[in-house]
Amino acid sequence: MRFEGSADYVATEDLKLAVNAAITLRRPLLVKGEPGTGKTMLAEQVAASLGLPLLEWHVKSTTKAQQGLYEYDAVSRLRDSQLGDNRVQDIANYIVRGTLWQAFASETPVVLLIDEIDKADIEFPNDLLRELDRMEFHVYETREMVRARHRPLVFITSNNEKELPDAFLRRCFFHYIRFPDRDTLARIVEVHFPGIRKDLLREALEAFFEVRDTPGLKKKPSTSELIDWLKLLLAEDISPEVLRSKDRKTIIPPMHGALLKNEQDVHLFERLVFLARQSR
Amino acid sequence: MLIDFFLALRRHRLPVSLKEHLMLIEAVRDGVIGPDIDAFYLLARAALIKDESLYDRYDLAFAEYFKGVQALTGLDADIPLEWLRRQAELELTAEERARIEAMGGWEKLMETLRKRLEEQHERHQGGNRMIGTAGTSPFGAFGFNPEGVRIGQDASRHRRAVKVWDQREFRNLDGTAELGTRNIKVALRRLRRFAREGAADELDLEHTISGTARNAGLLDIQMRPERRNAIKVLLFLDIGGSMDDHIKLCEELFSAARSEFKRLEHFYFHNCLYEHVWKDNRRRISERTRTVDILNKYGHDHKVIFIGDATMSPYEIVQPGGSLEYANEEPGAVWLRRVLDTWPRTVWLNPEPEELWNYRQSIAMIRDIFRGRMFPTTLQGLEQAMKVLSR
């Protein structure tokens, strides 16, 4: 099994190598990077290109590691016991499988995405050490051991909000998705808008990097903002000439609201453009 | 197998463990990569390095091991333009700054430097040795050693393009580099301490269940207060004068702190703390707050953060009447000690680079008063400061 990128997803060499290393050794791959660089998309695309089912576990600040394994539904059991249901005799009827269990129990290998692991409590990754390393866990209620039939391909994304424990990191491959350079970005746009006019793309990228290079932005526009912006440009049928200018610093690109999503950033940007105009 | 490589990484203080090394060997054995040094570079990075802020150090270590090139550390390794610019700004006097303005400003200067570097690059591609740029001309005048500027290491012996690890593209991610708001927030998060207090408005499920059980099945609802970040922070910001160079950083720190702590009070002072502080810089004369009132109002459990460059004349710290703005009855040092007595959890964050601290008498004095709890405003410094505060 090898991942070679896909028609809908542009993967750089280093990313492909990290993914393939993780696939070969069946170890989790931890992916970090600026927001909007396609961390979550990666797992979806790997699953699609390898033809494997994808299981997603989206982590929130309240998520507990246990919820990924299983949960014991005591309330329905209590209700069933009051109604005299026969199912109540077997505790296994009230064990609800979590995402990790589903991945372990699957007949075919699966891709498992643990999304935004840093959102959870600081102890969360530590609670999953054995589960991700040995791919097995113990169900206390039924005294049964769950082992993975096939070691799932685990992709973990993080936005760097919390530091992850060393013991956890040691068990993963790590890849940092950098913000794509101009050529990669052009390829990415090509994937999303096949046959986009070359001159429009060139001018738009030029303007986009100009905005991105504005010093002091709180949130730099990323790939997904660029895609949204291009969508707007195409929908409004804006011609490349509008984006072009001898001194680019003196124009505000149309629909820049799609690129800058923070009021202060918009103000800052407009102020800089205004200053550039004055100084001409 | 590859033991030397492993040891070389350890020597560069990269936290690689045996487990990770075995993982790398396993991957090589299983044929993840072919016999290709670039692929090995990437694979080893994915397997061994788990933090993008260490990528730069890894690049250095890798280059050293695979080329035997002497590792360049410290200032003369490879100075990013941004860094040069900032450093120069710090060290220039107003007069020198005016001279730069006269030459067409920073943009122009940097433009020239950039052009130089490009030329350099082309010549280097042609096979010449790479040497320090701009030995002559505008750069000599500004007090930094232009010989120190090197872009990448010397790769020309192989007559090939500069290697990935020589490009050192991750240098701005090193832990000592500048802060963004997001990074600051992450660092400040260390201070979080959750506690339950206030009105009981949240259902306490656990106690409700056990209470109901004890009540023989009759519902017994228990409530509890919501969990909140109970940390209380006072922020004292130095404003004006020599702090003008650090406005952006202070703004970032401030906005990060704002969104991170619900109970945050901020006050401004100039150079050193005296009888008065103010909350709004535009009304600094008309709406002042007495420092005594603040000392009395906020309890001992507040964490206090001073942000200032601590760069001033020593008189402003030790001499009554030493303040620049008015005749103060008591010296600044007395006020600072009072603050430290009132709030034991107090740190000073200094945006000046740490290397300069020893050369400024006033910094040493304030550091002394703060019993060494002065930290630079790098990510590492901020983390250390937060550790001290949360202790």
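Author: In this predicted model, the open sheet of chain A has five strands, arranged in the order β2-β5-β8-β1-β9 with parallel pairing. At its edges are β2 (54–58) and β9 (173–177) of chain A, each of which pairs on one side only. On average, neighbouring strands are turned by 20 degrees against each other, direction ignored.

Let's walk through two of the pairings. Strand β5 of chain A covers residues 111–115 and strand β8 of chain A covers residues 153–158; they are joined in the parallel sense over four bridges. You can find one spot in this pairing by looking for Val111(A), whose bridge partner in β8(A) is Leu153(A). The pairing of β1(A) with β9(A) is parallel too, with five bridges. Here Val31(A) is the residue to look for, standing opposite His175(A) in β9(A).

Helix α1 of chain A, residues 13–25, packs on this sheet. The helix touches β1 (29–33), β8 and β9 of chain A, and its direction makes about 160 degrees with that of β9(A).

Is it covered or open? This strand is mostly covered, with five of its five residues buried. Phe173(A), His175(A) and Ile177(A) point one way from the strand, while Phe174(A) and Tyr176(A) point the other way, and all are buried.

One of these residues leads us to the core. Phe173(A), together with Leu42(A) and Phe155(A), touches the most other members of the largest nonpolar core, which has 83 residues. The element that gives the most to this core belongs to chain B: helix α3 (residues 37–48), with nine residues. Neighbours within four places in sequence aside, Phe155(A) is in contact with Val19(A), Leu29(A), Leu42(A), Ala43(A), Val46(A), Val111(A), Leu112(A), Leu113(A) and Ile114(A). Apart from this core lies another, of 30 residues, including Leu201(A), Leu205(A), Leu259(A) and Phe269(A).

To place the sheet in its chain, here is chain A as a whole. Chain A contains 13 helices and nine strands, and 50% of its 280 residues count as buried. Its accessible surface comes to about 13900 Å², with 49% belonging to carbon and sulfur atoms. Of the contacts in chain A between residues at least 6 apart in sequence, 72% join residues at least 24 apart.

The axes of α3(B) and helix α2 (residues 18–29) of chain B come within 9 Å and cross at roughly 145 degrees, and the crossing is right-handed. On the α2(B) side, the contact is made by Glu20(B), His21(B), Met23(B), Leu24(B), Ala27(B) and Val28(B). Facing them in this contact are Phe40(B), Leu43(B), Ala44(B), Ala47(B) and Leu48(B) of α3(B).

Another helix of chain B, α4 (residues 55–67), holds Ala63(B). Ala63(B) counts as buried because its relative accessibility is 1%, and the cut-off for buried is under 20%. Along the chain, Ala63(B) and Tyr41(B) are 22 residues apart, and their C-alpha atoms are separated by 9.9 Å.

Strand β4 of chain B, residues 263–269, has five of its seven residues buried, so it is largely enclosed by the rest of the structure.

Finally, look at the loop between β4 and β5 (276–278) of chain B, where Asn271(B) is found. Its phi is near 65 degrees, a positive value in a residue other than glycine. In general, most residues other than glycine have a negative phi. Asn271(B) counts as buried, at 6% relative accessibility.

Definitions and conventions. Residues are numbered from 1 along each chain as its sequence is written. Chains are lettered from A and ligands numbered from 1 in the order in which they are written. This is a predicted model: local features need pLDDT of at least 70, side-chain atom pairs count only at pLDDT 80 or more; totals for chains, interfaces and linings use all residues. Side-chain values use heavy atoms; hydrogens and water are left out. A nonpolar core is a set of buried Ala, Val, Leu, Ile, Met, Phe, Trp, Tyr and Cys residues joined through side-chain atoms within 4.5 Å. Buried means under 20% relative accessible area, exposed over 50%, partly exposed in between (1.4 Å probe, protein chains only). Helices (H or I, at least four residues) and strands (E, at least two) are DSSP runs, numbered from the N terminus. Contact means heavy atoms within 4.5 Å. Two strands pair if DSSP finds at least two bridges between them. Axes are lines fitted to C-alpha atoms, for helices over the stretch in contact, and angles run from 0 to 180 degrees between N-to-C directions. A crossing is left-handed if the near helix is turned anticlockwise from the far one by less than a right angle, and right-handed if clockwise. Accessible areas come from the Shrake-Rupley method with a 1.4 Å probe; for residues, only the protein chains shown count as cover.
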